[in-house]
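The sequence and structure come first.

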Amino acid sequence: MARAAVPRRLGDRLSWKTARLTDRREESSAARTLGFEVPGWPGHLAGQHVDVRLTAEDGYSTQRSYSVASAPDGERVELTVQRVDDGEVSPYLTDELAVGDVVEVRGPVGGWFVWRPEQTEPVYLLAGGSGLVPLMAMIRVRRTVGSRAPFRLLYSVRSPEHQFFESELRLDSSGLDRTYLYSRSTPAGWPRPAGRFTAADLAAAGWPPDFEPTCYVCGSTGFVERAAGLLVAVGHHPNRIRTERFG
Amino acid sequence: MAPPAFLDGNAAAGDLELAFGTDMTMASGRCAGCGEQMMLAQTHAYLGGPGTVLRCPVCGSVLLRLVRSPGQTWLDAGGLGHLRIPAPA
């Protein structure tokens, strides 16, 4: 009997499921968090993503991957989507999809870029822009399960208007150290001038390499290349650096 | 012209799992070109074409190509010296 259970479970997770939009909230001028109800959702790990498929009336269909933003919560799944102005899918999700509308989702998938509650080592999260989303799922799961694993977050973002999850992160004070870096414009009176992050920023915000933290880096390809390169340059072992680039 | 954009191997997780029946991002392989050993999650994934292409992050060799049509799946893993797939959890 057990032999039959495995393929059925795998088949379930990889079949396209209907996801109905139940609510939407603004995270920044260009980003929205979409709350979906997904009957049969099998649960997920922090950092996993889903494939989202949209199909037009004429049958044309296209799919994209989005990280799950929320901690596991029954059949509810939250995606935080940044609008890419000339994008094919994201403007539809952020602006046009109406509450009650459905899309198809498949997943969750991926076992590499995840944080599991049984991990106890220090964690260094490095986010560039909307790369914060899967890292936010890790922060939320850490809080939900009451983990004491020490977390540090370096969040590089263009300007305060582009910042996600600010009020929620501010509440999350126990064991989560946060450093914000602004690349284009800062809040008034901010001590560090706007600019790209440096090796010194990265070292000041994180853990020394001999603490052997697991480093999770998510952002644009340029951000990930630079951050992962600097981490290795200051002595972090490549096998403890996990990356997730988005387009 | 800018080189085509790539993502991490994790981005191909869904299509790979559909072909192999288990999570392949945690599978490890060896590049037949340069000998580098890596998790498929650490490869560079090119998803913009008609299929999925994974390349070695060190030497750029094509490791694996996967093309799916409604009726069939083509898999060419000739760029991998071997592939070690963990038993499903």
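Of the 89 residues of chain B, 40% count as buried; a residue is buried if 20 or more other C-beta atoms lie within 10 Å of its own, exposed if 12 or fewer, and partly exposed in between, with C-beta atoms placed from the backbone. The model is predicted, so local features need pLDDT of at least 70 and side-chain atom pairs count only at pLDDT 80 or more, while totals for chains, interfaces and linings use all residues. Residues are numbered from 1 along each chain as its sequence is written, and chains are lettered from A and ligands numbered from 1 in the order in which they are written.

**Chain B**

Chain B contains one helix and eight strands, where helices (H or I, at least four residues) and strands (E, at least two) are DSSP runs numbered from the N terminus. Their order from the N terminus is β-α-β-β-β-β-β-β-β. The radius of gyration of chain B, taken over C-alpha atoms, is 12 Å, close to the 12 Å from the globule rule for 89 residues, so chain B is as compact as a globular protein of that length. That rule is 2.2 Å times the number of residues to the power 0.38. Along the principal axes, the C-alpha atoms of chain B fill a box of roughly 40 × 30 × 20 Å.

In H1(B), the buried residues are Ala13(B), Gly14(B), Asp15(B), Leu16(B) and Glu17(B). Just after H1(B), Gly21(B) has a positive phi of about 80°.

**Contacts between chains and domains**

Two residues are in contact if their C-beta atoms, placed from the backbone, lie within 7 Å. By this criterion, 16 residues of chain B touch 18 residues of chain A. Helix H1 (13–20) of chain B gives the most to its side, with four residues.

The domain assignment of chain A, from an automatic or database source, gives domain 1 (2–109) and domain 2 (123–246). Their centres, taken over C-alpha atoms, are separated by 25 Å. Between them, 13 residues of domain 1 are in contact with 14 residues of domain 2. Strand S1 (17–28) and strand S5 (76–82) of chain A are the elements that give two or more residues to the domain 1 side.

The table gives the make-up of two contact sides; Ala, Val, Leu, Ile, Met, Phe, Trp, Tyr, Cys and Pro count as nonpolar, Asp, Glu, Lys and Arg as charged, and the others, Gly among them, as polar.

| Domain 1 of chain A, touching domain 2 | five residues | seven residues | one residue |

Beyond four places in sequence, the contacts of Leu135(A) are Leu125(A), Ala127(A), Leu153(A), Tyr216(A) and Cys218(A).

Ser90(A) is found in helix H2 (residues 90–96) of chain A. Ser90(A) counts as buried because 21 C-beta neighbours lie inside 10 Å. Leaving aside neighbours within four places in sequence, Ser90(A) is in contact with Val81(A), Gln82(A), Arg83(A) and Val84(A).
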